Amino acid sequence: MLEVAYQEALRGRAEGGIPIGAALFDADGTLLGRGHNRRVQSGDPSIHAETDAFRAAGRRRDYGPTIMVTTLSPCWYCSGLVRQFGIGTVIIGESQTFHGGHDWLAEHGVAVTVLEDARCVEMMTTFIAEYPALWHEDIGVPDETATA
């Protein structure tokens with residue numbers, strides 16, 4: 001499942017965006033939706049990878065048995081989406097470069113697995129080093145000295 005999210009992150013990077021990918025699966029592993037961070041490409045600050053995958057999955061009556069897979073620990077915005085719709089499981093590629101709200105999700109009953117996948121860590125480490133201003137913009141940290 002992580003491979004789908006990872007490929008989405010690569011797709012976002014190739015489009016000139018932030019390399020974060022996600023996918024939503026049913027409990028049996030059926031892919032429901034996939035997406036990537038498209039904040040830069042679309043000029044829409046709300047299109048994070050998790051929200052893109054969630055929207056692509058379409059409407060469901062119950063999200064409890066679904067699994068959100070993301071290459072990076074979800075930010076508070078995306079963690080809120082998981083809680084709001086009751087997504088039962090989150091699988092995270094890595095949390096070394098950004099530690100989002102996954103501890104909070106676990107405290108509230110979401111099954112969270114952090115893989116610390118070396119490919120995901122390398123992808124984000126490289127991106128952050130090359131584009132610090134864009135990264136700071138994405139995570140909501142002002143950085144007037146960095147350039148995009």
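Predicted model: local features only at pLDDT ≥ 70, side-chain atom pairs only at ≥ 80, totals over all residues.
Residues are numbered from 1 along each chain as its sequence is written, and side-chain values use heavy atoms, with hydrogens and water left out.

To start with the big picture, the chain has seven helices and five strands; helices (H or I, at least four residues) and strands (E, at least two) are DSSP runs, numbered from the N terminus. Going along the sequence, the pattern reads α-β-β-α-α-β-α-β-α-β-α-α. The C-alpha atoms fill a box of roughly 45 × 30 × 25 Å along the principal axes. A compact globule of 148 residues would have a radius of gyration near 15 Å, and the chain agrees with that at 14 Å; the radius is taken over C-alpha atoms, and the globule rule is 2.2 Å times the number of residues to the power 0.38. Of the 148 residues, 47% count as buried, where buried means under 20% relative accessible area, exposed over 50%, and partly exposed in between (1.4 Å probe, protein chains only). Contacts here are heavy atoms within 4.5 Å. Among contacts between residues at least 6 apart in sequence, 51% join residues at least 24 apart.

Next comes the inside. A nonpolar core is a set of buried Ala, Val, Leu, Ile, Met, Phe, Trp, Tyr and Cys residues joined through side-chain atoms within 4.5 Å. The largest one has 25 residues, and Ile 20, Leu 24, Phe 54, Met 68, Ile 87, Val 90 and Trp 135 touch the most other members. Strand E1 (21–25), helix H3 (49–57), helix H4 (76–85), strand E4 (89–92), helix H6 (118–130) and helix H7 (132–139) each supply at least two of its residues. H3 gives the most, with four residues. A second, separate core has twelve residues, including Leu 2, Tyr 6, Ile 67 and Met 123. As for Leu 24, its contacts beyond four places in sequence include Thr 30, Leu 32, Ala 53, Phe 54, Tyr 63, Met 68 and Ile 87.

H3 deserves a paragraph of its own. Seven of its nine residues are buried, so this helix is largely enclosed by the rest of the structure. The buried ones are Ala 49, Glu 50, Thr 51, Asp 52, Ala 53, Phe 54 and Ala 57, and they pack against E1, strand E2 (31–36), E3 and H4. Just after H3, Gly 58 takes a positive phi of about 80°.

Thr 70 is buried, with a relative accessible area of 0%. Its side chain makes a polar contact with the side chain of Glu 50 at 2.8 Å; such a contact is a pair of N or O atoms within 3.5 Å, where within protein one must be able to donate a hydrogen and the other to accept it, and residues adjacent in sequence count only if both atoms are side-chain atoms. Leaving out residues up to four places away in sequence, Thr 70 also touches Leu 2, Ala 5, Ile 20 and Val 90, among others.

Back to the rings. Rings of Phe, Tyr and Trp (its six-membered ring) pair if their centres lie within 6.5 Å; planes under 30 degrees apart count as stacked, over 60 as edge-to-face and the rest as tilted. By this rule there are six aromatic pairs. Phe 54 and Tyr 63 have ring centres 5.1 Å apart and planes at 40°, so the pair is tilted. Phe 54 counts as buried at 12% relative accessibility, and Tyr 63 does too at 7%. Phe 98 and Trp 135 make an edge-to-face pair, 5.9 Å centre to centre with 90° between the planes. That pair links distant parts of the chain, with Phe 98 in the loop between E4 and H5 and Trp 135 in helix H7, 37 residues apart. Both Phe 98 and Trp 135 are buried.
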